[in-house]
Amino acid sequence: MTDKKPFYITTSIAYVNAAPHIGFAMESIEADAIARWMRKKERETFFLTGTDEHGVKIQKTANELGRDVKELCDENSNKFRNLRAILNLSNDDFIRTSDKENHWPGVRKIWHLMKTKGDIEKRKYEALYCYGCEAFFTEKDLDENGECPNHKRKPEVIAEENYFFNLSRYSDEIAELIETGKLRIIPDFRKTEILNLAKEGLHDVSFSRPAEKLPWGIPVPGDPSQTMYVWCDALTNYISGIGYGQTDDPLFQDFWEGGEVMHVIGKDILRFHAGVWIGMLLSAGIKIPDMIFVHGFLTSDGQKMSKSLGNVVDPIDEVETYGVDAVRYFLLREVPVGRDADYSKKRFEEMYQAHLANGLGNLSSRIHTLCLRNNVAPGYVLDEEKDGEFLRLIKDAAARLDSAMKEFVLHEALSAIFSLVEILDQKMTELKPWEMVKKEPEKGAHLLRNFLAAISWIADHLEPFLPGTAERMKKMFGVGTKSLGEPAMLFPRTEMLFGDK
């Protein structure tokens, strides 16, 4: 990781046939934590998210609901745009694939470059198609029941004439990029599966559908009888969203061509991002991204989330109940990077009570009360000789935090901070500063200055992960000032939220 380069991070763009779910909230929060961390490290950072609004699936949904397709896209896209405030995200922009001014020119430009290269050609074909994935499958891609492994439905057989992208030409080059780490897949175990696919040989990809079957989308340049198929259109958002295809594109030059680029995506679309997208960029002569950060899926109480089971978790409901930082904490701390995890109400409330209310919240309250009562002011700088133990604890936590974030292991990064919370809680119980200030006022005040310095470090370094809590703590402990602020209840106990449970 080159510290001086600008840093560009994206989420996948969410499909607008339904409202936001907890899985996309997790992806957005992961990307936000990384973006905030990079800004904290004083790297110029740009964070993009947005919505994918074309394709057969959204057209079918609108038809089934008797809705105008654009009105449905506008309505649901706004729900995703509103996540910025609801989840306290710091994205710099929001791209929509239906945006004819900002997105379509970039798609047309990359299509033209690929066509000129000889990598897009029209063909007749017959193939298996999953509407849920917006993707074509081979027999070996299906599960033992001949169904799509993601949607548990048999794909339809489609026979038509479309434009194809000759992705197979780039299989060897893509495999080499992945194998050598020039395209870094995070975590490492996700690298193996996509590398094996590339080595087996990637298949050519349908890049259009007949306009009579798909009227909602970007017309193929020079052939309005065809509409661009979802992947060429959707994947190009990562560069159109920062000006690619525009007359003036300084953001694209700075953050894509001159920066370090990371995509944050779910495991189900890795083959499209590490295969199709990389092939498109190679064909068009555009620099490839540096990293693809791949997260797993969330289940609900051990079962796959589905509308039919009635177990889909609404992130907005959870935020309204527990607060945004409680949701951010659970999704960043409980979900190991790249792995699947379970979103259990019981586990959520256990972590909330133990780590946040009784942990960070209670410790903050005790330190603030003792410092306020004994006129201990912020701003004390720990000294190696006088404050060696507390200084070592902070340095150890900082080293663990930096190490975890260099590898983007977000749950270990939060663990490093909250391990210090636990240690300070133990120190408080062992050293009893409330008694020491009575028996030895000067010694007691000095001990409280150590606690205040440590909790201030926690407040400062929580910002990428729990930004609202970090801000309240900084005000509470007077970080960067000479006096303590007002007390604040950071996380009410669950009995205060719901009564006795």
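Predicted model: local features only at pLDDT ≥ 70, side-chain atom pairs only at ≥ 80, totals over all residues.
I then checked the backbone of Asn 88 and found a phi near 55 degrees, a positive value in a residue other than glycine. I placed Asn 88 in the loop between α4 (83-86) and β4 (93-96). I flagged this because most residues other than glycine have a negative phi.

Next I turned to Glu 42, which is not a glycine and yet has a positive phi of about 65 degrees. I located Glu 42 in the loop between α1 (22-40) and β3 (45-52), and I wrote down that it counts as exposed, at 74% relative accessibility.

I also looked for cis peptide bonds, and I noted one that joins Ile 186 and Pro 187, with omega about 0 degrees. Pro 187 is found in the loop between β8 (184-186) and α7 (188-200).

Last, I followed an open sheet of 3 strands, whose order is β16-β15-β17 and whose pairing is mixed. I noted that β16 (303-304) and β17 (341-343) stand at the edges, and because each has a single partner strand, one side of each is left without a neighbour in the sheet. I traced β15 (residues 298-300) against β16 and recorded antiparallel pairing over 2 bridges, with Thr 299 standing opposite Lys 304 in β16.

Conventions: Residues numbered from 1 in each chain as written. Heavy atoms only, no water. Helix = DSSP H or I, 4+ residues; strand = E, 2+ residues; numbered from the N terminus. Buried < 20%, exposed > 50% of the residue type's maximum accessible area, 1.4 Å probe, protein only. Pairing = 2+ DSSP bridges.
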